[in-house]
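Here's a quick briefing on how this chain packs together.

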Amino acid sequence: MPEKSWFFALKEKDLIDANIEFVRVKGTPIIIFRKNEQTYSLYGKCGHMGCRLSKGTFIDEHILKCGCHGWEYDIRTGKHLGNKDANLETYESKVEDGEVLVLL
């Protein structure tokens, strides 16, 4: 397995609380957002039909609902609520020198 490295995703100033940003990092679609001063990074496409999760909405503190067909995910773990085979990969992220970095 290749060694993981930190990669630039977006400028911290572009990460507005509760807005979901869609980025590609090394070709991987990722959503990044901040809620309650915590930054989250998850695979950016729904496991159902590949819709961009950046068009989703938060239905409570930790649940993201896909805007296309309503699939729901726990943002802390990437787990799909209802289908254990449809979980999203989560990524470690950090803010450094005004940039949001993702570990891939």
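The largest nonpolar core has 14 residues, and Ile 31, Phe 33, Leu 42, Leu 53, Leu 64 and Ile 75 have the most contacts inside it. A nonpolar core here is a set of buried Ala, Val, Leu, Ile, Met, Phe, Trp, Tyr and Cys residues joined through side-chain atoms within 4.5 Å, where buried means under 20% relative accessible area (1.4 Å probe, protein chains only). This is a predicted model: local features need pLDDT of at least 70, side-chain atom pairs count only at pLDDT 80 or more, and totals for chains, interfaces and linings use all residues. Residues are numbered from 1 along each chain as its sequence is written, and side-chain values use heavy atoms, leaving out hydrogens and water.

- Leaving aside neighbours within four places in sequence, Ile 31 is in contact (heavy atoms within 4.5 Å) with residues including Phe 22, Leu 42, Leu 53 and Leu 64.

**The strands**
- The chain has zero helices and nine strands, counted as DSSP runs (helices: H or I, at least four residues; strands: E, at least two).

**The whole chain**
- Of the 104 residues, 38% count as buried.
- Along its principal axes, the C-alpha trace spans about 40 × 35 × 20 Å.
- Among contacts between residues at least 6 apart in sequence, 38% join residues at least 24 apart.

Terms used:
Buried means under 20% relative accessible area, exposed over 50%, partly exposed in between (1.4 Å probe, protein chains only).
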